[in-house]
Amino acid sequence: PLARTADLLAEAVEARRGLPAFNVITLEHAEAIAAGAELAGTPVVLQISQNAVAYHGGRLLPLARACAEVAEAARVPTALHLDHVEDVELLRAAPGAGFSSAMFDASHLSHADNLQATAEAADFAHWHGLHLEAELGRVGGKDGAPPLPAHAPGARTDPQEAADFVAATGVDALAVAVGSSHAMTSRTATLDHELIARLAAAVPVPLVLHGSSGVPDEELAAAVTAGLVKINIGTALNSAFTPAVRAALAAKPDAVDPRGYLARGREAMAGVVAHLALLVASLPAD
Ligand code: G3H
Ligand code: ZN
């Protein structure tokens with residue numbers, strides 16, 4: 001059934017487990033994510049990024065409505081999240097399109113501008129019943145260094161700055177820079193678990209890991225144990241989908257019906273989702 005992100009996050013925090021969130025580009029992604037989460041028996045978040053909306057001609061509703069239908073039919077609680085929104089007009093469309101949460105990404109702005117834009121986005125979100133996630137990377141200025149988005153390689157979020165940012169903006173969840181970076185096709189990232197623990201102690205809202213595709217299983221499990229809650233995974237699905245489609249096309253070079261090869265890609269994504277959802281949402285052993 002369709003669930004609300006805020007409820008799923010609260011339940012995950014209470015149970016000290018993670019909440020897996022997967023990025024949707026096509027209908028096959030949404031179907032694979034629901035199928036994989038059902039196999040794992042875990043709640044899940046379907047998230048559509050501003051870039052995915054752009055891919056669909058800038059129209060939000062076709063994919064959002066499809067995801068809402070998939071979520072309602074799913075046998076596990078499934079929430080809809082609008083991801084990496086930079087365009088305020090897109091944020092304004094989220095409540096009417098069935099989303100219960102959004103990530104407002106002003107991390108490319110200077111710290112002062114990020115703070116002001118994010119506070120305004122949080123006000124809008126709260127008036128419209130949306131849960132708002134924001135991002136804080138390396139704050140520039142102090143040592144002459146420019147600001148770095150949270151998932152630029154080398155960026156790290158300072159716990160005190162993170163706590164101050166949450167207090168000043170009123171956001172409900174915070175994406176932090178702890179060693180991952182977006183769009184990795186190898187799982188070679190190492191996370192700073194000591195920093196995650198300090199951030200979890202300092203910041204009163206759930207912490208979010210972006211760029212989780214590049215993080216190995218053991219590191220992901222340790223990150224959840226240390227205090228990360230929402231685990232965003234995108235590229236790992238595409239790294240399964242594309243080779244499966246390529247293999248299916250190579251096996252039947254004369255085939256023209258896309259259902260044959262798209263089904264193989266969808267199955268491959270569902271397997272990755274089942275594995276990662278179970279890993280992230282498992283209860284701690286103790
Ligand atoms: O917001 C989405 C995630 O950060 C996905 O990152 O594609 O590197 O797994 P990824
Ligand atoms: Zn991200």
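**Close-up views of a predicted model**

View 1. Aspartate 83 sits in strand S4 (helices, H or I of at least four residues, and strands, E of at least two, are DSSP runs numbered from the N terminus). This is a predicted model, where local features need pLDDT of at least 70 and side-chain atom pairs count only at pLDDT 80 or more, while totals for chains, interfaces and linings use all residues. Residues are numbered from 1 along each chain as its sequence is written, and chains are lettered from A and ligands numbered from 1 in the order in which they are written. The "active site" label for Asp83 comes from an unreviewed UniProt entry; UniProt positions follow the numbering used here, feature names are shortened, and annotations may be inferred rather than shown by experiment. Aspartate 83 counts as buried because it has 25 C-beta neighbours inside 10 Å (buried is 20 or more other C-beta atoms within 10 Å of a residue's own, exposed is 12 or fewer, partly exposed is in between, and C-beta atoms are placed from the backbone). Leaving aside neighbours within four places in sequence, aspartate 83 contacts Asn23, Gln47, Ile48, Ser49 and Met103 (contact puts the C-beta atoms, placed from the backbone, within 7 Å).

**View 2. Asp105 and Glu135, an annotated binding site.** An unreviewed UniProt entry gives the "binding site" annotation to Asp105 and Glu135. They span 31 residues in sequence, yet no two of their C-alpha atoms are more than 6.0 Å apart, so they gather at one spot. Aspartate 105 is in the loop between strand S5 (101-104) and helix H6 (111-127), whereas glutamate 135 belongs to strand S6 (residues 131-136). Asp105 is buried, with 25 C-beta neighbours inside 10 Å, and Glu135 is buried too, with 26 other C-beta atoms within 10 Å. Not counting residues up to four places away in sequence, Asp105 touches His84, Val85, Glu86 and Glu135.

**View 3. The shell around ligand 1.** Of the 15 residues around ligand 1, His210, Ser213, Asn232, Gly234 and Thr235 come nearest (near means a C-beta atom, placed from the backbone, within 6 Å). Strand S4 (78-85), strand S9 (228-233) and helix H10 (235-251) each give two or more residues to this shell. By type, the shell holds four nonpolar, ten polar and one charged residue (Ala, Val, Leu, Ile, Met, Phe, Trp, Tyr, Cys and Pro count as nonpolar, Asp, Glu, Lys and Arg as charged, and the others, Gly among them, as polar).

**View 4. Helix H2 under cover.** H2 is mostly covered, with eleven of its 14 residues buried; among them are Glu28, His29, Glu31 and Ile33. The cover over those buried residues includes S2, S3, helix H4 (61-73), S4, H10 and H11. Just after H2, glycine 41 takes a positive phi of about 75°.

**View 5. Helix H11 and the largest nonpolar core.** In the 87-residue core, Ile33, Leu46, Cys67, Ala102, Leu174 and Val273 touch the most other members (a nonpolar core is a set of buried Ala, Val, Leu, Ile, Met, Phe, Trp, Tyr and Cys residues joined through C-beta atoms within 7 Å). Helix H11 (residues 258-281) supplies the largest share of this core, ten residues. Leaving aside neighbours within four places in sequence, Val273 contacts Phe22, Ala32, Ile33, Gly36 and Ala37. The buried residues of H11 pack against strand S2 (19-23), helix H2 (27-40), strand S3 (44-49), helix H9 (217-226), S9 and H10.

Notes: Contact = placed C-beta atoms within 7 Å.
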